[in-house]
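Dear colleague,

Please find below the structure I am handing over for your attention. My findings follow directly after it.

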Amino acid sequence: MAYKVSRPNLTFAEKIYLPSVLAGLRITLGHLWRMLRGKTHVVMQYPEEKWDSHLPEYYRGAPTLVRDEHGRTRCVSCQLCEFICPPRAIRIKPGEIPAGDKFGKVEKYPAEFDIDMLRCIYCGLCQEVCPEQAIFLQKQYALTGTARTQLMHNKEKLLEMGGIKTGLVNKWNEKK
Amino acid sequence: MNAILQFLHPLIDPASIPFLLWTTLAKSIGLLCIVLVMVSYTVYAERRVSSLIQDRLGPNRTGFPLSLFGNLFGIKWRDWSPILGGLGQPIADAVKLLLKEEFTPAFVKKFYFWIAPGLGIGAAIVSLAVIPFGSKIWGVDMVIANIDIGPLFVFAISSLGVYGIVLAGWSSNSKYPFLGAVRSTSQLISYELSLGLSVVPLFMIVGKLNLVDLVSYQVQNGWMILPGITAAKPHLPGTLGSYLIIVPILISFIVFTIAMFAETNRLPFDLPEGETELVGGYHTEYSSLKFALFFLGEYTAMITGSSFIVTLFLGAWHFPGIPEGGAPSLAGLLLGFVNIGVFFVKVIAFLLFFIAIRWTLPRFRYDQLMKLGWIYFFEIALVNIFLTALILAFVP
Amino acid sequence: MSNEAPQNLVNVQIDGVWHQFPKGTRVIEACSQAGKYVPRYCYHPRLSAPGNCRMCMVQLGMPKMGPDRKPELGPDGKPVHNWIPRTNISCAQDVSEGLAVRTDSDIVKETREGILEFLLINHPLDCPICDQAGECRLQEFSFDYGQAKSRFIEQKVKKPKRVEIGPRVTLDAERCILCTRCIRFMREVAKDDVIGIVNRGSYNEIAVYPDRKLDSNYSLNTVDLCPVGALTSSDFRFKMRTWFLKETKSICTSCATGCNTIIGARENVVYRQTPRENNDVNQSWMCDHGRLDFHYLQSADRLLEPVVKGAPEADWKAALASAARALKALKPEEIALIASGRLTNEELFLAARLLKKLGNPIHDIISHTGKADDLLVAADRNPNTAGAKLLGLSATEPGSALPVIASGIRGGRIKALIVLGEDATDAGLIEADLNKLQTLIVTSLLPNRTTGFASHILPAAGFTEKRGSMINKTGRLQRLNRAVAAPGIARDDWEILVGLIEALTESVSGFTTIEEVFKAMSAEVPALAGLSLSKIGDLGVQLSL
Ligand code: SF4
Ligand code: SF4
Ligand code: SF4
Ligand code: SF4
Ligand code: FES
């Protein structure tokens, strides 16, 4: 069935369009003119101006792995982040810490830990799900590479980006 | 060759043929260079102006020696970058388009698919041949082909452009391009009528179909839409008729300009492309260089259109106070170049108007477009011819 | 009474709904059957019920007796109950007439919460490194009844961790909840009483007797039984989290018992095999040998593409065509075929077809035997000897035709040998014999002594990589399922055989799926009449052979 669309009744001035064309031009050219005089506030000019100093504490940059104050890689490769990661950017290969090791009590560590930053969507779910406070989305946001492989962050890269984080729960402490 | 010369003999003096040939060649190459550079910078201007209108900065990064010089002379280039940065953008764009994968879908009709982009830009460039873009340099007319059917030639050639679109749409063998092409055909055909009719009054006034003559008329009697401005000194035409005649010319001008928008597929008449409904319109299946040709063809058509309007209504290369060049002297030579400059400044001004309109107006609905073309402009242009005739015949 | 239960059935009310159960059903089972799962740790239907974890608490109600010693009836004509004001365990209690059970009253919930809190006070925060996580009862019930915060401020008891109490089992005593399932399994099922509880009170812990190891061939069943991560498999340790594993129901092919299994695989890698309950075959158990007998399929040596001796490169088409050419040139007496009791019925059926096309040359299977035990392991280590017999691939006594084949080769009478998934040197052939053969066509997973002499090597698929059916020692038809893809361009054996038959006859066999092969087989073999791969089902069907 055909619909009858009711069109608004236009006045003559509206019908010949020209006045509205002029009105429109007035607006657009007004903006143009303001812009040319430098009166318009434009967005931040990125590489020269950065908002690094304004990044909030909770800013979600690239996911990184952290060590604790004793130098232990906090991750125990529980693979929960691998499971939760929506785009499946994380790949972990668990390994066993030998019994005699300084951190032998922890038993398990990630032998390999890769995050494909071409897949990562910076959702922060890995940080949220981690039971060991081992993975954090820190403030690195300018990740670029000239080859895909450069954006495959391996364990070394992730630990280097992550650095040492103190003040977290220390549940593998001997006394606990 | 001899046969051709024999045939041409009554028309051209054989002795002047080499001279004719090389001047024509020089003019063609010169004009082509100017126009192609203009095309690429029109694209840049389009992006820049649109962003300024929308309170953005637009492409202001792509390095260009110009902005680097600023740095050399102790001016921080950032101070310049909002203005000069990005001047290299057209070059970067061109390189990008050239280097993109040349992809021809498997289902297209190859031959037509390949020639279509060339047709569009070819038609737009060829019609520039009859436009007098300057006065004279060293006695040589600054028009590539001074023929007596100038406007007809322009209409004839530029309407060939529609073949490019139709072929592209049809040979793409895909629904959106086809719809775009169909729309485009009907739109171009409809508006060509009013386009053609709207210039008739001008030639009725001048009495000749030669664009160079039309320009000389404007130099003598003032620009078509500003009759007071003449070569000699500003003077007001005395007769009533010369006042009254402004009315039909103004109508002509408005109708012609709007029809020109439609002919060049510019907003508010860009229905053949209408991204929202047609994905990309007739060039949906095109990529890389072939797409670039369409793209540039469109902007070339814009320049052709502007040149035409400038020639017809805005006094072409003439500007009050700047005399006609062409005398075989240094001053004449310089003036000749200044005349050319004036012409292109006018063209550029009109291009900017094109751009400003694009970023101001929304697209027409298709039925509105058709109604406008057939019911209003066609009739107005037709009546306008009679009006001119009446004025010319009965008002002294 | 109007709603008197039929003989041997009793009326029981569970959460307000009346059901009927056979006498002797445990309350915990009755609740499960009524759809009210009762959490449990120590109870296992195949073990004795010591009732020591206290997790299965429910509230019971006894029918109220009137002065006439008859149950008082409510307005609905059903008995009215006297509810016991405390909770009882449901795993050690049988149903009785008129009994009422509440599985979700407040008091039940509170008790369970209390018990869980007790279980957790000394429990380590090991979940991130615990292989049980994801299938851990403690986690599951903590989710239902646990508390988010521990109220325990004292020091937790420290116990040994990472103890290898057997060659295949690792113990973490801190995680143990002392349910004694492992102890009872070893004592009651495996009949090898090596585990016990030592120390007292909160220092209670699981240990093996001095100088003993948990080294029974059934030790890994304790890992399955352990409701927590106290006993874990050393083989599977830290390999993959359980929630990543895609589970495929299949059967074990290491002996003629054909234990039902679940293959856990992720992204084309098999990580573990666990037993799948089947009352008629393996109950809930399987032996360690069979369970771990899949690693060879992930060996780096796997044959990945067909090889034809003397040809630089061979694709399947070329290899099969060349094999067919070599066979066609020979008379039936000059050919022999050694099939395998490890092939599926479908493959054996096609092998029989192949034999027919070759003019019925001599053939047999190689028998593999070992020591049987009282529980599951069968002496016959071929999973499908019954199938080979049924489909005529084996001599009446498996292996009895092998000496004839061997002497035929030795005497030069037999010039071509086809070996399907076996090592011919197991058939009494020595390498010099193999060298004598004009044509030696071998389908195999891994290089072996036979493939070294083969003129045609056709790489096949392992048991985790294929579908098909097998018949176990009791005549039960069971199904294999594909968990992972075969490596390289290796093919399913049935596809290889179909290809070979097609190359031989230069016609189309019409077999494009394994279902079609089974259909043709069931049409030809009376014992399989009316069956199809899907009709076999997960638990198999008993054939009358
Ligand atoms: S931030 Fe999100 S997408 Fe990125 S690795 Fe973590 S879970 Fe995956
Ligand atoms: S969730 Fe945390 S501990 Fe677990 S694997 Fe990821 S980073 Fe490691
Ligand atoms: S046994 Fe269960 S609750 Fe305990 S650490 Fe392991 S997964 Fe966690
Ligand atoms: S080791 Fe496991 S099965 Fe054995 S008593 Fe402890 S919790 Fe129960
Ligand atoms: S299951 Fe009943 S007490 Fe453990």
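A residue is counted as near a molecule if one of its heavy atoms lies within 4 Å of it. Please note that the model is predicted.

**Ligand surroundings**

On that criterion, ligand 3 is surrounded by residues of chain C: C:H123, C:D126, C:C127, C:C130, C:A133, C:C136, C:L138, C:Q139, C:R175, C:V228 and C:G229. By class, this shell comprises six nonpolar, three polar and two charged residues.

Around ligand 2 there are 13 residues, of which A:C75, A:C78, A:Q79, A:C81 and A:C130 come nearest. Here the division is ten nonpolar, two polar and one charged.

**Chain B**

Chain B contains 16 helices and two strands. It has 396 residues, and 49% of them count as buried. Among contacts in chain B with a separation of 6 or more, 78% are between residues 24 or more positions apart.

**Residue B:V108**

B:V108 lies in the loop between helix 5 (89-99) and helix 6 (110-126) of chain B. Is this residue, B:V108, buried or exposed? B:V108 is buried, because its relative accessible area is 8% and the cut-off for buried is under 20%. Leaving aside neighbours within four places in sequence, B:V108 is in contact with B:F113, B:S171, B:S172 and B:N173. By contrast, B:A156 is 48 residues from B:V108 in sequence, and their C-alpha atoms are 28 Å apart in space.

Yours sincerely

Technical notes:
Residues numbered from 1 in each chain as written. Chains lettered and ligands numbered in written order. Predicted model: local features only at pLDDT ≥ 70, side-chain atom pairs only at ≥ 80, totals over all residues. Heavy atoms only, no water. Nonpolar A, V, L, I, M, F, W, Y, C, P; charged D, E, K, R; others polar. Helix = DSSP H or I, 4+ residues; strand = E, 2+ residues; numbered from the N terminus. Buried < 20%, exposed > 50% of the residue type's maximum accessible area, 1.4 Å probe, protein only. Contact = heavy atoms within 4.5 Å.
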